[in-house]
Amino acid sequence: MSELPNSFRTGPDEGGHFGIFGGRFVAETLMPLVLEVEAAYEAAKADPAYRDEIDYYAKHYVGRPSPLYFASRLTEHLGGAKIYLKRDELNHTGSHKINNVMGQILLARRMGKSKIIAETGAGQHGVATATACALFGLECKVFMGALDVERQAPNVFRMKLLGAEVVPVTSGRSTLKDAMNEALRDWVANVEDTFYCIGTVAGPHPYPQMVRDFQSVIGREAKQQMLEAEGRLPDALVACIGGGSNAMGLFHPFLDDKEVRIIGVEAAGEGIESGHHAASLSGGRPGVLHGNRTYLLQDDDGQILEAHSISAGLDYPGIGPEHSWLKETGRVEYVSATDADALEAFQLCSRKEGIIPALEPSHALAHVMKIAPTLPKDHILCMNMCGRGDKDVHTVAGHFGVDL
Amino acid sequence: MSADAAAALELAPDSGRIAKRFAQLKAEGRGGLVTFLTAGDPDYETSLEIVTGLPAAGADLIELGMPFTDPMADGPAIQAAGLRALNAGQTLPKTLTLARALRDADADAPIVLMGYYNPIYSYGVERFLTDAREAGVDGLIIVDLPPEEDAELCLPAMRAGLNFIRLATPTTDDKRLPKVLANSSGFVYYVSILGITGTKEIQDAPVRAAVERLKRHTELPIAVGFGIKTADQVAAICESADAAVVGSAIVSKIAEALDETGAPRPDLARRVLDYVAELAAGARRSR
């Protein structure tokens with residue numbers, strides 16, 4: 001590895017690169033739009049009124065700050081490190097997704113866009129987008145793989161209740177990556193009035209940076225709350241990773257705190273060696289998709305492979321480009337947890353803490369369960385509980401052979 | 001590009017086939033027909049039969065699509081073609097083999113490979129450029145490589161003697177156009193409508209205005225595509241443009257000639273080539 005940067009928090013460069021990752025790999029038809037979003041975001045960032053607006057809705061609508069909660073029963077049960085949960089599952093709409101959506105929708109309003117499009121896998125980002133559109137009276141169209149429409153029926157109904165149009169995508173393999181392709185196609189065809197609200201730290205520049213900035217509220221709060229609770233920073237951070245927005249939100253404010261160990265947990269599905277997984281960093285290699293260079297699941301010919309995870313929110317063959325860079329620089333450790341590990345963590349958390357976690361953060365918790373017992377009692381772990389599990393009860397019941 | 005700039009980049013000379021073909025069209029006083037189809041659609045053998053028959057059917061320039069799982073700028077017809085090809089086992093090496101077979105069958109028809117960057121990146125940029133050049137390929141159109149990413153493939157391709165053909169669109173305004181044209185070579189592919197391939201009808205008047213605008217910025221030939229389906233449309237487009245590109249409509253002819261199981265009917269290649277001949281007649285009666 002070449003020499004390490006003085007700071008891990010200065011990226012991306014002007015072209016949207018984090019090392020070799022990131023960039024703007026989009027068709028010429030999209031380039032003017034991407035540049036327009038970038039210019040609008042730069043202008044908005046410099047405007048205190050925009051920041052005030054974000055803060056106002058974060059406090060009064062989303063319910064921030066989310067608590068940092070000491071999980072004493074889990075800590076006692078695992079018998080090692082002290083476990084803190086950053087409770088982003090308590091946000092309005094039930095996950096961290098709303099943090100990003102509010103930022104982007106407020107930006108779209110500043111840009112005078114009247115139509116919002118979004119892609120969604122599990123439906124959490126779709127629900128968050130539909131919610132914000134209802135709040136501001138914007139037209140909302142959510143692209144969702146036809147397979148996911150079937151798997152996530154409750155969220156589809158929620159989006160419709162909120163007034164959004166849900167477009168089932170049957171192209172390709174009918175999952176999240178195809179939904180993103182279709183959203184990009186729609187954007188190209190409706191450039192004048194449409195804003196594309198991407199749900200994770202991926203896509204062409206400036207999206208990875210912009211989504212990270214909106215999600216970083218998680219890490220900023222956690223840092224302050226941890227100082228208040230313990231008088232010092234945590235020893236380690238743990239978060240799950242699909243595209244990687246909740247993890248980037250927690251990690252980014254801590255990247256230059258060298259004493260803080262940072263761990264991202266990918267979805268290993270049925271195990272990395274099985275080939276049925278969603279672990280782009282552990283089981284993929286660098287490639288170019290959806291506007292950026294990053295680690296991707298792909299075959300020998302550079303064709304993109306389907307991801308697999310019990311958690312629809314982690315079921316994506318790529319990962320945000322900044323994560324790829326953090327992996328290559330060694331600043332963040334990336335590990336994985338299987339479907340089975342996640343299901344075990346899901347149950348343990350429900351019983352010990354009275355918190356039913358989403359299957360996504362159950363992967364992070366599975367890793368916490370693995371390492372906490374090996375760590376001393378004064379070691380502090382902070383895990384991002386980025387979503388609640390209501391949406392997953394059908395999936396989990398199915399796995400236990402329970403017919404609801 | 002000026003000679004000085006070319007020297008600075010240490011460009012290998014290109015094959016000259018694209019420039020020669022457009023000069024020929026000009027001498028004949030007509031516009032050209034550019035055909036697109038996806039390599040390996042619906043399977044390698046059938047694709048080979050169609051592709052090697054294209055020059056005789058009247059295609060002036062031939063674009064071969066390199067199938068990709070995630071063709072984000074293409075409409076349903078070309079997406080489906082890509083999936084058919086991939087399901088039949090098409091790969092980038094096989095597409096290069098197909099290009100070579102076409103080159104062996106016709107020494108002059110310009111061959112342009114069109115697709116997305118990841119399969120090339122995965123294959124290795126330098127290796128790809130060497131192999132494409134050796135296969136007799138003349139140019140590349142890589143949809144997801146805008147000028148902002150020229151260092152990836154555009155500049156290496158120019159150094160290797162392959163033309164890098166760029167898309168210009170209605171959203172490419174006068175301010176951005178010079179940037180798009182700066183490292184373009186071969187010809188300029190004007191995408192005549194906003195949207196994805198094959199989903200809307202083309203209209204003559206805005207195309208004429210757009211071609212005139214482009215001609216003010218470049219001396220490269222202008223090919224116009226997206227939404228062209230009939231010989232009359234080809235003729236109309238060629239009134240102002242140097243060539244018309246037909247893609248989705250040709251690919252749809254392939255889809256129509258598949259049986260219920262998705263297998264090609266025996267007359268598939270003939271039906272597609274007949275259609276190309278019909279379109280070519282449109283180009284030949286232009287101007």
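Visitor: Which residues of helix α12 of chain B are buried?

Guide: This is a predicted model. In helix α12 of chain B, which spans residues 248-256, the buried residues are Ser248(B), Ala249(B), Ile250(B), Val251(B) and Ile254(B).

Visitor: What covers the buried residues of α12(B)?

Guide: The cover includes β1 (32-38), α3 (44-57), α4 (76-87), β9 (243-246) and α13 (268-284), which belong to chain B.

Visitor: Why is helix α11 of chain B described as largely enclosed by the rest of the structure?

Guide: Of its 10 residues, numbered 231-240, 7 are buried, and α11(B) is therefore largely enclosed. The buried residues are Ala231(B), Gln233(B), Val234(B), Ala235(B), Ile237(B), Cys238(B) and Ser240(B). Among the elements that cover them are β1, α10 (204-217), β8 (222-225), β9 and α13 of chain B.

Visitor: Are Arg87(A) and Glu89(A) buried or exposed?

Guide: Both residues are buried. They form a salt bridge whose closest N and O atoms are 2.7 Å apart. For another case, consider Asp267(B) and Arg270(B), where the closest N and O atoms of the salt bridge are 3.7 Å apart. Asp267(B) is partly exposed at 24% relative accessibility, and Arg270(B) is partly exposed at 48%.

Visitor: How many salt bridges does the structure hold over all chains?

Guide: The total over all chains is 42. Across the interface of chain A and chain B, the rule finds 3. Glu28(A) and Arg176(B) form a salt bridge, their closest N and O atoms lying 2.6 Å apart. These two residues also belong to a network of salt bridges that links Glu28(A), Glu148(B), Arg176(B) and Lys179(B).

Visitor: Which elements give two or more residues to the side of chain A that touches chain B?

Guide: They are β2 (21-25), α1 (31-45), α8 (176-189), β11 (285-289) and β12 (291-296) of chain A. The largest share, 8 residues, comes from α8(A). By class, this side of chain A has 16 nonpolar, 11 polar and 12 charged residues.

Visitor: What is the area buried between chain A and chain B?

Guide: As a general idea, the size of an interface is often given as the accessible area lost when the parts come together. In this model the area buried between the two chains is about 3000 Å², and carbon and sulfur atoms give 52% of that area. The contact involves 39 residues of chain A and 39 residues of chain B. Between the chains, 16 residue pairs are in polar contact, counting those with both residues at pLDDT 80 or more.

Visitor: How many aromatic pairs are there over all chains?

Guide: The structure holds 15. One of them is formed by Phe25(A) and Tyr117(B), whose ring centres are 6.0 Å apart and whose planes meet at 10°, so the pair is stacked. Phe25(A) lies in strand β2 of chain A and Tyr117(B) in helix α6 of chain B (residues 117-123), so the pair joins two chains.

Visitor: Where is Ser309(A) found, and why does Ser309(A) count as buried?

Guide: Ser309(A) is in the loop between β12 and α13 (321-329) of chain A. The residue counts as buried because its relative accessibility is 3%, and the cut-off for that class is under 20%. A polar atom of the Ser309(A) side chain lies 2.9 Å from the backbone nitrogen of Ser311(A).

Technical notes. Residues numbered from 1 in each chain as written. Chains lettered and ligands numbered in written order. Predicted model: local features only at pLDDT ≥ 70, side-chain atom pairs only at ≥ 80, totals over all residues. Heavy atoms only, no water. Contact = heavy atoms within 4.5 Å. Buried area = accessible area lost by both parts, 1.4 Å probe. Salt bridge = Lys/Arg side-chain N within 4 Å of Asp/Glu carboxyl O. Polar contact = N/O pair within 3.5 Å; in protein donor to acceptor, adjacent residues only side chain to side chain. Helix = DSSP H or I, 4+ residues; strand = E, 2+ residues; numbered from the N terminus. Nonpolar A, V, L, I, M, F, W, Y, C, P; charged D, E, K, R; others polar. Buried < 20%, exposed > 50% of the residue type's maximum accessible area, 1.4 Å probe, protein only. Phe/Tyr/Trp six-rings, centres within 6.5 Å; stacked < 30°, edge-to-face > 60°.
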